[in-house]
Amino acid sequence: MDYQAFFKTSLDSLRDSGDYRVFANLERHNGSFPNATARAEDTKEVTIWCSNDYLGMGQHPDVLAAMHAAIDNSGAGAGGTRNISGTTFYHVQLEHELADLHAKEAALLFTSGYVSNWAALSTLAGRIPDCLVLSDALNHASMIEGIRHSKAERQIWKHNDLADLEAKLTAQPLERPKLIAFESVYSMDGDIAPIAAICDLADKYNAMTYLDEVHAVGLYGPRGGGISEQEGLMQRVTVIEGTLGKAFGVVGGYIAASAELCDFVRSFASGFIFTTALPPAVVAGAAASVRYLKQSQIERQIHKERVAEVRARFDELGIPHTANAGHIIPVIVGDAVKCKYICDILLKDYGIYIQPINYPTVPRGTERLRITPSPVHSAADVDALVTALSDLWTQCELARKPMAAQ
């Protein structure tokens with residue numbers, strides 16, 4: 001076999017379909033995010049409109065001060081796995097903060113949100129005898145891979161469809177172990193799960209619940225505990241999983257649950273046991289971010305206002321975007337080539353960076369711009385975005401939504 005020819009042919013096919021991914025070489029600037037320098041053949045200043053640093057906490061003074069202090073105090077790395085010298089005072093502090101955030105007995109820290117989902121789900125589903133996993137159809141790849149790796153029986157229920165979920169639960173013996181895995185805010189469509197109703201079904205049919213809150217922690221609830229906190233449901237959810245790399249502005253993932261469940265995952269999850277611990281400075285920065293957002297409401301309030309403003313401006317111009325109750329604004333293009341073209345021109349001619357979201361992240365025909373307004377976007381930033389998209393919608397002859405249809 002000609003391996004290089006195989007690689008080249010596969011990549012050429014991706015390019016022809018418009019699905020080949022090009023990474024923007026961005027240099028973020030402390031104190032001026034969402035502005036950044038795009039480093040390419042033509043280096044230029046850009047405004048980022050697709051970051052998951054939803055609140056700009058990656059540049060917050062409290063976070064940076066905590067990270068600098070931890071470096072000065074403890075140096076760079078953790079020095080090993082959590083089991084072998086890698087558990088520092090900072091790690092223990094952060095796990096206490098996260099358990100408190102979600103009103104759980106314990107929390108367990110991982111190197112990323114992907115790893116926390118993969119390790120926790122594969123361990124729980126794989127080690128509980130005869131466990132059936134019921135997975136929402138739009139669950140994140142990390143959840144899918146964790147469930148798949150567990151080798152437990154899995155059934156996929158239609159996205160946010162309670163009738164389909166209940167039908168699958170009804171078909172199982174009441175005593176059979178079951179785990180319902182779902183997200184609170186879905187990252188590509190921005191819609192929100194009916195958490196209370198899912199918990200009702202879990203109670204009725206003897207199932208555990210595993211809730212991925214990565215796109216909600218920091219953003220929703222009185223202290224940033226996510227949608228489950230906002231709706232007063234944290235105590236009803238068996239496992240809450242979150243990330244420190246989005247609204248908290250740093251990196252890492254975690255689960256929060258009972259002391260026994262966290263200890264079970266700690267003791268049996270290979271993705272936890274055999275991974276070098278996060279550096280103390282990263283952990284200290286994340287802890288500072290969590291602490292700050294537990295008591296500050298201003299970032300969440302301005303964020304909510306900015307999202308509403310951008311939606312309203314799109315509506316005025318007929319720019320089609322998916323309605324949802326969350327903070328993510330999917331602007332549907334519906335064509336992979338045009339989606340990438342729009343993003344290329346936004347960067348080249350308007351100094352606006354938005355990454356195209358194409359297949360396989362979303363189904364073909366639903367290609368989109370995933371726009372994430374933040375409290376650190378200015379009124380001028382919003383004006384520039386809206387003007388640029390309106391120009392390109394006309395240039396690409398894309399349909400607009402009439403006012404009566406909104």
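## A tour from cavity to sheet to pocket

Six nonpolar, five polar and one charged residue make up the lining of the largest cavity (nonpolar means Ala, Val, Leu, Ile, Met, Phe, Trp, Tyr, Cys and Pro; charged means Asp, Glu, Lys and Arg; the others, Gly among them, count as polar). Before you go on, note that this is a predicted model, where local features need pLDDT of at least 70 and side-chain atom pairs count only at pLDDT 80 or more, while totals for chains, interfaces and linings use all residues. Residues are numbered from 1 along each chain as its sequence is written, and side-chain values use heavy atoms, with hydrogens and water left out.

**Stop 1: the cavity.** Select Arg 82, His 91, Leu 109, Phe 110, Thr 111, Val 115, Gly 271, Phe 272, Thr 275, Thr 276, Ala 277 and Leu 278, which line the largest cavity. Strand S4 and helix H11 (270-273) are the elements that each give two or more residues to this lining. The volume is about 90 Å³. (On a 1 Å grid over the protein atoms alone, a cavity is a set of points where a 1.4 Å probe fits but cannot get out; a pocket is an open set with protein on both sides within 12 Å along at least five of seven lines; lining residues have an atom within 4 Å of a point. Grid points are joined across faces, edges and corners, and a volume is the space filled by probe spheres set on the points.)

**Stop 2: the sheet.** Now show the open, mixed sheet of seven strands, in the order S4-S10-S9-S8-S7-S5-S6. (Helices, H or I with at least four residues, and strands, E with at least two, are DSSP runs numbered from the N terminus; two strands pair if DSSP finds at least two bridges between them.) At its edges are S4 (106-110) and S6 (153-157), each pairing on one side only. Select S10 (residues 253-257) next: five bridges join this strand to S4, and the two run antiparallel. Ala 106 stands opposite Ala 257 in S10.

**Stop 3: a loop residue.** Which loop holds Asp 130? Look between helix H5 (113-127) and S5. Asp 130 is exposed, with a relative accessible area of 52% (buried is under 20%, exposed over 50%, partly exposed in between, with a 1.4 Å probe and protein chains only).

Stop 4: Finish at the second largest pocket, with about 530 Å³ of space. Select Val 22, Ala 40, Asp 344, Leu 347 and Lys 348, the closest to its centre of the 20 lining residues. Helix H14 (residues 336-350) gives the most to this lining, with six residues.
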